[in-house]
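This report describes a structure for a reader who has not seen it before. The sequence and the structure are shown first, and a description of selected features follows.

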Amino acid sequence: MSARREGVLPRPRATVRRRIPLRPAAHHRGERTATRRRYLMCQPYPFDAVEADRPWTDRTSAPLTSRRALMQWGRLYSLYLSLGHDVRLIGPLPGLPDAVRAAATATVVDGRVLGARRGGPAGEAAYLDWFRAQGFTEVRGAVYANEGARDFLATTRWVLAGRRLGSPPEAHREALDYFRRPLISLELADPRFGHLDTALSVLDGDEIMYCPAAFSEVSRDVLAGLFPDALLVDEPDVAAGGLNAVSDGLHVILPEAAGPVMDHLRRRGFRPIGMDLSELVREDGGIKSCTLELGPGA
């Protein structure tokens, strides 16, 4: 199939010209309001014994403890409830410590569920079974490798898809065909940003914030053209995972250490809320990673 038909880069600039009119996202005006959302989360269990054996676990700080991880996860869960959101639960899933990172197991766009496809057991099959049991009628596993809603972020008009510089675009073509939404393929050029959700966050509708340094030059041009009023965040400000955030259009929940990002958000009329999920993520994502959005709440 041609790149024109698929609507996916390999060169983002050319694809956007052919497939998607360069209608920039409008800057927000007026008072911000929260929209009730539906989220899916997975309680961590058992965290310490399995997680400590993983080669990428940070061993420079205090040892992992299931009790502390569960307390941090519980605070995030309780916060969503206090803000009026509908939070569904799966698990806990014994033997699958990565299942707590719900966003890495699937992507949900307009009610369609596309499972993640990762290198090891992380609970994707259990999540897809959950969706089917809950009455989702369009559910399928992925053919090509992706890390779910960590790689795919939906705005009102588009699906933003991240991939490492030089990696093949097949997963993006698969998502484009399945979700039936215009898809913007973005290349992550800086290895410190392993997934799109560490470099970019959707704030409200087609309003986003992102770190330009995370992307290739071509992808920076695409983002600048489509989102001229985006909140741009410098590299030092995202060191604490400040872009791995969840927003309901008013409240933006992000790591408590991301103080500079919170200041930017307040100036835009948002209400940032800092949370500590350090025991759960250990440099592998953050609040967004533990939260899989299912769509607007009833």
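In which strand is E293 found? E293 is found in strand β15. The model is predicted, and the values given here are computed from it. E293 and T107 are 186 residues apart in sequence, yet their C-alpha atoms are 8.2 Å apart in space.

**The second largest pocket**

E293 also belongs to the lining of the second largest pocket, where R37, A154, T155, V202 and E293 lie nearest the centre. The lining comprises 33 residues, and the volume of the pocket is about 660 Å³. Several strands contribute two or more residues to this lining: β1 (37-42), β3 (106-109), β6 (152-154), β9 (200-204), β12 (246-247) and β15 (292-296). By type, the lining residues of this pocket divide into 16 nonpolar, 10 polar and 7 charged.

**Aromatic pairs and charges over rings**

How many aromatic pairs does the structure hold? The structure holds 7 aromatic pairs. Two of them are set out in the table.

| Pair | Centre to centre | Angle between planes | Type |
|---|---|---|---|
| F131 and F136 | 5.0 Å | 90° | edge-to-face |
| W158 and F227 | 5.3 Å | 85° | edge-to-face |

Both residues of the F131 and F136 pair are buried: F131 has a relative accessible area of 0%, and F136 has a relative accessibility of 15%. Why does F136 count as buried at 15% relative accessibility? F136 counts as buried because its 15% falls under the limit of 20%. Ring pairs also bring in W130, which is linked with F131 and F136 into a cluster.

The pair of W158 and F227 counts as edge-to-face because its planes are at 85°, over the limit of 60 degrees. This pair links distant parts of the chain, since its residues are 69 residues apart. W158 is in the loop between β6 and β7 (159-164), while F227 is in the loop between α7 (217-226) and β11 (231-232). W158 and F227 are both buried.

The charged end of R32 sits over the ring of F270, at 3.7 Å from the ring centre. In the case of R140, the charged end sits over the ring of Y178, 5.3 Å from its centre.

R140 takes part in another contact between separate parts of the chain: G115 and R140 are 25 residues apart in sequence and 6.1 Å apart in space, C-alpha to C-alpha. G115 lies in strand β4 and counts as buried, at 0% relative accessibility.

Helix α4 covers residues 66-82, which is 17 residues. Which residues of α4 are buried? In α4, the buried residues are A69, Q72, W73, G74, L76, L79 and Y80. An α-helix has 3.6 residues a turn, so residues three or four places apart point the same way. α4 is followed by G84, which has a positive phi, near 90°.

Helix α7 contains V218. V218 is buried, with a relative accessible area of 12%. The C-alpha atoms of V218 and E187 are 8.2 Å apart in space, although the two are 31 residues apart in sequence.

Most residues other than glycine have a negative phi. D110 is not a glycine but has a positive phi of about 55°. Where is the place of D110? D110 is in the loop between β3 and β4 (112-115). At 51% relative accessibility, D110 counts as exposed, because the limit for that class is over 50%.

R180 is not a glycine either, and has a positive phi of about 60°. R180 is placed in the loop between α6 (170-179) and β8 (183-188). Its relative accessible area is 57%, so R180 is exposed.

Technical notes:
Residues are numbered from 1 along each chain as its sequence is written. This is a predicted model: local features need pLDDT of at least 70, side-chain atom pairs count only at pLDDT 80 or more; totals for chains, interfaces and linings use all residues. Side-chain values use heavy atoms; hydrogens and water are left out. On a 1 Å grid over the protein atoms alone, a cavity is a set of points where a 1.4 Å probe fits but cannot get out, and a pocket is an open set with protein on both sides within 12 Å along at least five of seven lines; lining residues have an atom within 4 Å of a point. Grid points are joined across faces, edges and corners, and a volume is the space filled by probe spheres set on the points. Helices (H or I, at least four residues) and strands (E, at least two) are DSSP runs, numbered from the N terminus. Ala, Val, Leu, Ile, Met, Phe, Trp, Tyr, Cys and Pro count as nonpolar, Asp, Glu, Lys and Arg as charged, and the others, Gly among them, as polar. Rings of Phe, Tyr and Trp (its six-membered ring) pair if their centres lie within 6.5 Å; planes under 30 degrees apart count as stacked, over 60 as edge-to-face and the rest as tilted. Buried means under 20% relative accessible area, exposed over 50%, partly exposed in between (1.4 Å probe, protein chains only). A charge sits over a ring if NZ of Lys or CZ of Arg is within 6 Å of the ring centre and within 35 degrees of the ring normal. The expected span of a helix is 1.5 Å times one less than its number of residues.
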